[in-house]
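Please read the following walk through a protein model with the structure open beside the text.

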Amino acid sequence: MKFISILSSWCLIHATASAALTVSFTQNGSDVVVTATGSLDITGATLVGDVGSTQHTARSYSAVHDDTDALWSFSTGDDVYRISSGGNLFSKTFNIVNAASFSGDTFGLYASNQFFSFSLYVPNGFISGSIFGTMRFANKQVDDFGPIVQTISWGPSPDQSVSIVPEPAPVMFLGIAAVAFYGLRRRTE
C-alpha cells in the first residue's frame, strides 16, 4: 500500500509541471488546445513595455537574422516582461497559426535567439495571482508545433517560473495504469 501511495504521488507531481504557471498542449480531437494555468509572480522580471494590438497566435520563424518563437493570446495594453535569456519554444518551424478561439486570461511567451530573451505577456497591471487561459488551434496536431519541454525561471520563488508541457495527461494515465497493475498483481498473489 505504501508503494501505491508513493507511486500515485509521483505521478501527480510529474503529470503537472514543477513551475507555478504551466502551459500545456493537448490534442482534443482534430484540434490542439493550449492551456496556461497556475499562479504567477512577476517580481524580478523586467517590464519592457506593453502591446499595441490584439493577437491570438503561435509562430516559429527561423531565418538568418531572426530566430523567434511566439505563443500568445494578448490584448492591447497587456504588459510584456523579459524573464530570461533566449531560447526556443518549439522544435518545429511553421508560419503564423491563428487560434480559432480563446478564452480566459490573456497570456503569452516569446523567445528570441536574436535578442537573447524570453518574454512573458500578462494582463495589464498584473503583478501576482492566478492565470487561466486557453487557445484552440483548429485542425492541428501537437506535433505540428513541436513544443519543447522546459521550465523558464526568473527568480527563486516557485511562482517565478513557467513550464511548457506537451500533453501532460498521458503521463498521469501511465501512472494510474501502473498503480492499477500493481494492485491487480498484489490481489492475485
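Thr26 lies in strand E1, where strands (E, at least two residues) and helices (H or I, at least four residues) are DSSP runs numbered from the N terminus. At 29% relative accessibility, Thr26 counts as partly exposed, because buried means under 20% relative accessible area, exposed means over 50%, and partly exposed is in between (1.4 Å probe, protein chains only). The C-alpha atom of Thr26 is separated by 4.6 Å from that of Glu167, although the two residues are 141 apart along the chain.

This is a predicted model, in which local features need pLDDT of at least 70 and side-chain atom pairs count only at pLDDT 80 or more, while totals for chains, interfaces and linings use all residues. Residues are numbered from 1 along each chain as its sequence is written, and side-chain values use heavy atoms, with hydrogens and water left out. The pLDDT (the predictor's confidence in each residue, from 0 to 100) averages 78 for the protein, and 74% of the residues score at least 70. Over residues 1–17 the pLDDT is below 50, and this stretch has 17 contacts in the model beyond near neighbours in sequence; contact means heavy atoms within 4.5 Å. Residues 169–174 also stay under 50, with five contacts beyond four places in sequence. Where pLDDT is low, the predicted coordinates should not be read in detail.

Strand E1 (residues 21–28) pairs with strand E2 (residues 31–41) in the antiparallel sense over eight bridges; two strands pair if DSSP finds at least two bridges between them. Within this pairing, Val23 stands opposite Ala36 in E2. Both strands belong to an open sheet of six strands with mixed pairing, in the order E8-E11-E2-E1-E13-E12. At the edges are strand E8 (101–104) and strand E12 (150–153), each pairing on one side only.

Next comes the packing of nonpolar residues. A nonpolar core is a set of buried Ala, Val, Leu, Ile, Met, Phe, Trp, Tyr and Cys residues joined through side-chain atoms within 4.5 Å. The largest such core has 34 residues, and those with the most contacts inside it include Phe25, Phe137 and Phe145. Strand E2 gives the most to this core, with four residues. Apart from it lies another core of seven residues, among them Val51, Ala70, Tyr110 and Tyr121. Not counting residues up to four places away in sequence, Phe145 touches residues including Phe25, Phe90, Lys92 and Phe137.

How many salt bridges does a search of the whole structure find? The search finds two, a salt bridge being a side-chain nitrogen of Lys or Arg within 4 Å of a carboxyl oxygen of Asp or Glu. In one, the side chains of Arg136 and Asp31 meet at 2.7 Å, N to O. Arg136 lies in strand E11 (residues 128–137) and Asp31 in strand E2, so the pair ties together parts that are 105 residues apart in sequence. Arg136 is partly exposed, with a relative accessible area of 30%, whereas Asp31 is buried at 13%.

In the other, the side chains of Asp143 and Lys92 meet at 3.0 Å, N to O. Asp143 is in helix H2 (residues 142–145) and Lys92 in the loop between strand E6 (79–84) and strand E7 (94–98), 51 residues apart. Asp143 is exposed, with a relative accessible area of 53%, and Lys92 is partly exposed at 31%.
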